[in-house]
Amino acid sequence: MTVGTQMQQAIAGVQSVAATMKTFALETEDQVAKKDFQQLAQTFEDALKVLEARKQYIEEQEPQYKQQ
């Protein structure tokens, strides 16, 4: 498995978790839990930005890893 493939899988996993946290936040009526889920979703969104930037860097440095 290439670095590019591994990075894409990591990004997809984080996207999935962020979406799940957003869903939990929407579905709960408990305001404390809602806030916690929203904060978690934001944390994963921030992580996603870091991973996307890293993926871009890898693709610039190693064009063979670029996903088609």
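This is a predicted model: local features need pLDDT of at least 70, side-chain atom pairs count only at pLDDT 80 or more; totals for chains, interfaces and linings use all residues.
Student: Which residues make up the largest nonpolar core?

Tutor: That core has five residues, namely Met7, Ile11, Val14, Leu48 and Ile58. Two elements, α1 (3–27) and α2 (31–61), each give two or more residues to this core, and α1 gives the most, with three. As a general background, nonpolar side chains in soluble globular proteins tend to be buried together.

Student: How do you know whether α1 and α2 are roughly parallel or roughly antiparallel?

Tutor: We look at the angle at which α1 and α2 pack, which is about 160°, with their axes 8 Å apart. Since an angle over 145 degrees counts as roughly antiparallel, we conclude that α1 and α2 are therefore roughly antiparallel to each other. Their crossing is left-handed, and the contact of α1 with α2 has, by class, 19 nonpolar, three polar and six charged residues.

Student: What makes glutamate 59 count as buried?

Tutor: Glutamate 59 is found in helix α2, and its relative accessibility is 13%. The cut-off for buried is under 20%, so 13% places glutamate 59 among the buried residues.

Student: How far is glutamate 59 from glycine 4, along the sequence and in space?

Tutor: The two residues are 55 residues apart in sequence, while their C-alpha atoms are 7.7 Å apart in space. For comparison, glycine 4 and aspartate 46 are 42 residues apart along the chain, and their C-alpha atoms are separated by 20 Å. Another pair, alanine 47 and glutamate 29, is 18 residues apart along the chain, with 27 Å separating the C-alpha atoms.

Student: Why is glycine 4 called buried?

Tutor: Glycine 4 lies in helix α1, and its relative accessibility is 7%. Because that value is under the 20% limit, glycine 4 counts as buried.

Definitions and conventions. Residues are numbered from 1 along each chain as its sequence is written. Side-chain values use heavy atoms; hydrogens and water are left out. A nonpolar core is a set of buried Ala, Val, Leu, Ile, Met, Phe, Trp, Tyr and Cys residues joined through side-chain atoms within 4.5 Å. Buried means under 20% relative accessible area, exposed over 50%, partly exposed in between (1.4 Å probe, protein chains only). Helices (H or I, at least four residues) and strands (E, at least two) are DSSP runs, numbered from the N terminus. Axes are lines fitted to C-alpha atoms, for helices over the stretch in contact, and angles run from 0 to 180 degrees between N-to-C directions. Angles under 35 degrees count as roughly parallel, over 145 as roughly antiparallel, 65 to 115 as roughly perpendicular and the rest as oblique. A crossing is left-handed if the near helix is turned anticlockwise from the far one by less than a right angle, and right-handed if clockwise. Ala, Val, Leu, Ile, Met, Phe, Trp, Tyr, Cys and Pro count as nonpolar, Asp, Glu, Lys and Arg as charged, and the others, Gly among them, as polar.
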